[in-house]
Amino acid sequence: MALTASSPTHASPDVTAVPLFKDLSGKVILLDFWASWCQPCRQSFPWMGDLQRRYGPQGLIVIAVNLDRDRQLAERFLEQTPAEFRVEYDSQAALATEFEVAAMPMSFLIDRQGRVRNRHAGFRAAQRAERESIIAQILKE
Amino acid sequence: MLVMAAALLAGGCTTVKPWERDLHARPDMQPSTLDGAIDDHIYFSKEASSGGRGFGGGGCGCN
């Protein structure tokens with residue numbers, strides 16, 4: 001399920017005010033929210049690592065934000081499923097609330113001007129190509 | 001899932017955030033009376049439905 005940023009039911013958070021994005025001006029950010037118990041999240045990690053590797057030179061930054069309240073659960077997950085991208089922690093779900101995370105995982109594609117251009121709930125292998133196409137398009141702008 | 005739905009019905013409708021998986025630890029998820037919850041549990045089991053009228057979306061994503 002992909003929700004466009006123009007959806008009237010979704011307010012865009014002020015990305016420029018998020019400390020997480022400090023010094024990332026001009027980058028395209030794939031902001032992903034995940035948790036240790038979420039199986040589709042586990043399946044999404046290799047794909048996100050691949051995206052970071054292939055599109056990093058063009059300015060893509062993948063940031064995966066963990067929402068586990070118990071950090072040990074997240075660390076155990078990462079031992080089993082390493083992340084080849086930046087991982088941050090939001091155990092109080094402050095950022096998740098600001099972005100109105102509606103499912104797990106959920107990702108937000110933020111363009112070089114700090115605008116949320118795409119929201120995607122869940123992870124399906126069959127949707128990878130379409131999602132990658134959108135990322136590539138935003139990177140070219 | 002059905003037990004959770006029954007607990008929700010017994011305790012009233014509660015909005016559950018998608019990232020709150022450890023639901024059983026929440027005080028408002030504990031059944032205060034079992035009769036109605038058990039009845040609903042049986043109903044939902046027989047109906048083979050997902051139950052949980054007050055279930056506020058969330059859970060894991062699409063796969």
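Helices (H or I, at least four residues) and strands (E, at least two) are taken here as DSSP runs, numbered from the N terminus. The model is predicted: local features require pLDDT of at least 70 and side-chain atom pairs pLDDT 80 or more, while totals for chains, interfaces and linings use all residues. Residues are numbered from 1 along each chain as its sequence is written, and chains are lettered from A and ligands numbered from 1 in the order in which they are written.

Chain B contains 2 helices and 0 strands. Of its 63 residues, 19% are buried (20 or more other C-beta atoms within 10 Å of the residue's own; exposed means 12 or fewer, partly exposed in between, with C-beta atoms placed from the backbone). Among the contacts in chain B with a separation of 6 or more, 68% join residues 24 or more positions apart; a contact requires C-beta atoms, placed from the backbone, within 7 Å.

Leaving aside residues up to four places away in sequence, A:Val62 touches A:Leu30, A:Asp32, A:Met48, A:Leu51, A:Gln52, A:Phe85 and A:Arg86.

The axes of H1(A) and H4(A) come within 12 Å and cross at roughly 30 degrees; axes are lines fitted to C-alpha atoms, for helices over the stretch in contact, with angles from 0 to 180 degrees between N-to-C directions. The two helices are therefore roughly parallel (angles under 35 degrees). In their contact, A:Trp47, A:Leu51 and A:Tyr55 of H1(A) meet A:Arg128, A:Glu132, A:Ile135 and A:Leu139 of H4(A). These residues comprise 5 nonpolar, no polar and 2 charged, where Ala, Val, Leu, Ile, Met, Phe, Trp, Tyr, Cys and Pro count as nonpolar, Asp, Glu, Lys and Arg as charged, and the others, Gly among them, as polar.

Most residues other than glycine have a negative phi, and most peptide bonds are trans. The peptide bond from A:Met104 to A:Pro105 is cis, with omega near -5 degrees. A:Pro105 is placed in the loop between helix H3 (94-98) and S5 of chain A. A:Glu100, in the loop between H3 and S5 of chain A, has a positive phi of about 60 degrees.

Methods: Two residues are in contact if their C-beta atoms, placed from the backbone, lie within 7 Å. Angles under 35 degrees count as roughly parallel, over 145 as roughly antiparallel, 65 to 115 as roughly perpendicular and the rest as oblique.
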